[in-house]
Every structure is written in C-alpha cells, then in structure tokens.
Amino acid sequence: MITYVDAPSKARRTAGVIPLHGEEGFAGMRKAGALTALALDVLTPFVEPGVPTATIDKIAYEFARDHGAVPATVFYKGYRHSLCTSINHVVCHGIPDDRPLRDGDIVNIDLTLVVDGWHGDSSRMYPVGEITRKAERLIEVTYESLAAGLAAAVPGNTTGDIGAAIQSYAEGERTSVVRDFVGHGVGKLFHDEPNIMHFGTPGTGVPLRPGMIFTIEPMINLGRPHVKILSDGWTAVTRDRTLSAQCEHSIGITETGHEIFTLSPGGIFNPMAPAKAA
Ligand code: MF3
Ligand code: CO
Ligand code: CO
C-alpha cells in the first residue's frame, strides 16, 4: 500500500510514505533549484583542460557562501566536498581532487545547494576541450534519456512509466542504464521517498500525484550497465571501463504536468549546444 502525507514541516524520511508538497514547498524548491542551476552555469567556463576538479569544488563552495546557501554534500555521510565530479568512466560520486582535467574528458558536475532548508539537486555533463564523437553522442543520449523521463512525469502516470521511458530510449540507442543508483524525493530532505528508478515496467510503481517533488537523474553507459565502487567508498565506475554520463533535474508534479526547478538560467544545459559556445 502507498501512503501519501502532506509534507511535514520537520524533515524526516519514513519508508513508504510519500510527502505531497504545497505552494510553500514549490516556492522553496524554485529558489533552491534556481540557485543550483545558476551555480552550474557559473562553473561552465572553469571546466577547461588544466583545471583541477578541486578548483571547481572551491568555486562552488564560495558561490554558495556568497549567496547564503550551503552545499548539501559537505559533511553528508562523511563526504567532505561541495559537489561531485565524475570523469569519463566514473558513473557518479567522483571526488574532486588535484588532478588537472584533460582535453577530451567528459565530466559530470553534481551540485545540491540548500537554500532556506530546501535542496536544489542537479547535475550536467561538461565537455573538456575537444571531445570525441563517441563521447558527444553519449552525452546527447543521456540528455534525451532525461527528457524522455521528464515527458512521462505527469500526474496519472507512475514512477515505473518514468523508468520505462528512460530505459526504452537509452537501450534503443544501444546504450545501457545503470541500475545501482536512483532518483529520489527531494525537499527539506536531500533524499526522500519515493525512489525513481531509471528502468522498469510501465504502469508499475507509485502513481504520480500533484505535490510530489523528486529528482530524475539517469546514468547511461556506452557499454554494460554494471558498476563497482572504488576503495575510497564513494567513486562509482563502470566495470567494463566504458564511458558513462548523467544529467539530473529536480522537479515537482503539478496538476497538469511538472515544473522543473533546476533549468539553466543561461539556457546552456543542452549538450546539443555545447557549453563552450554559450
Ligand atoms: N547529488 C547526489 C544525488 O543526486 C548525491 C551526492 S551524495 C555525495 O543524489 F555525498 F556523494 F555527494
Ligand atoms: Co539526486
Ligand atoms: Co545530484
């Protein structure tokens, strides 16, 4: 059985209980999502050959501080950084470090800024210098996979419809969907109910209702879907070391469809129009 509750003012995850948010939650998420999206725009010119990901992390930290926000990942379950930087065959949760980015890398930057207690969670792909046609295509497929999931995120559909839409698009493009990480409810909590799987069967899972707020964040691989976690306890990589890409938006289900809280204010969250040209 599925239980929905009016989102409580106190943030507490209860298994199987899905919070439904009102105008206050949507207003809070609009603000947090907009700031996260602006930060991801602002980082764009720094994602260049020679720049260490630790520098990008520092810029994000300072951006948050200067805008009255806190990155949700600092001190999150022992994580110490403001964002995740997942390069090439890294699927997600890559840790910023002092190694300079190299021409041809593709990097996902995943940032969650907390504004007035609300979590704006978003990630995008950034090409470093000139990337291969193969990498470019993977980024396009990943972006379109997110778009397919969004198209299914309407009231009356289920969480399974979102996953099925993503999976059928991605697999139709001869890529694979990572199973080990999922989208999630988001709001006053960083990770809330429900889980949003990026694969699945139409009509299964939780019916989508106006007021639900969650992320969709498919990870798409050029090779097989399997991942392993490195000894740092965080970094997830493809087992076959093929390239992986990810895009993430935070959204709210409305009466008629959905609202995306993390749209790029500069209109540069679109791999078809490479960030470089913006
Ligand atoms: N932002 C990630 C997500 O989309 C979570 C990162 S948790 C971290 O849910 F600790 F690895 F940063
Ligand atoms: Co997320
Ligand atoms: Co994220």
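Reader: Is Asp110 buried or exposed here?

Author: Relative accessibility is what to check, and buried means under 20%. In this predicted model, Asp110 comes out at 13%, so it counts as buried.

Reader: Where does Asp110 sit, and which residues does it touch?

Author: Asp110 belongs to strand β6, residues 106–115. Leaving aside residues up to four places away in sequence, Asp110 touches Leu83, Cys84, Asp121, Ser122, Ser123, Glu217 and Glu248.

Reader: And His89, buried or exposed?

Author: Use the cut-off again: under 20% is buried. His89 has 18% relative accessibility, so it counts as buried. You'll find His89 in the loop between β4 (83–87) and β5. Its contacts, again without residues up to four places away in sequence, are Ala236, Val237, Thr238, Arg241, Thr242, Leu243 and Ser244. As for Asp110 and His89, they are 21 residues apart along the chain, with 15 Å between their C-alpha atoms.

Reader: OK, on to sheets. What is the strand order in the open sheet that includes β5?

Author: Strands of a sheet pair through backbone hydrogen bonds, parallel or antiparallel. This open sheet has three strands in the order β5-β14-β13, paired antiparallel. The edges are β5 (90–92) and β13 (227–229); each has a single partner strand, so one side of each lacks a neighbour in the sheet. On average, neighbouring strands of this sheet are turned by 40 degrees against each other, ignoring direction.

Reader: How many bridges join β13 and β14?

Author: Three, in the antiparallel sense, with β14 covering residues 236–238. To find your way in, look at Val227, which stands opposite Thr238 in β14. Thr238 is also one of the residues that His89 touches.

Conventions: Residues are numbered from 1 along each chain as its sequence is written. Chains are lettered from A and ligands numbered from 1 in the order in which they are written. This is a predicted model: local features need pLDDT of at least 70, side-chain atom pairs count only at pLDDT 80 or more; totals for chains, interfaces and linings use all residues. Side-chain values use heavy atoms; hydrogens and water are left out. Two strands pair if DSSP finds at least two bridges between them. Helices (H or I, at least four residues) and strands (E, at least two) are DSSP runs, numbered from the N terminus. Axes are lines fitted to C-alpha atoms, for helices over the stretch in contact, and angles run from 0 to 180 degrees between N-to-C directions. Buried means under 20% relative accessible area, exposed over 50%, partly exposed in between (1.4 Å probe, protein chains only). Contact means heavy atoms within 4.5 Å.
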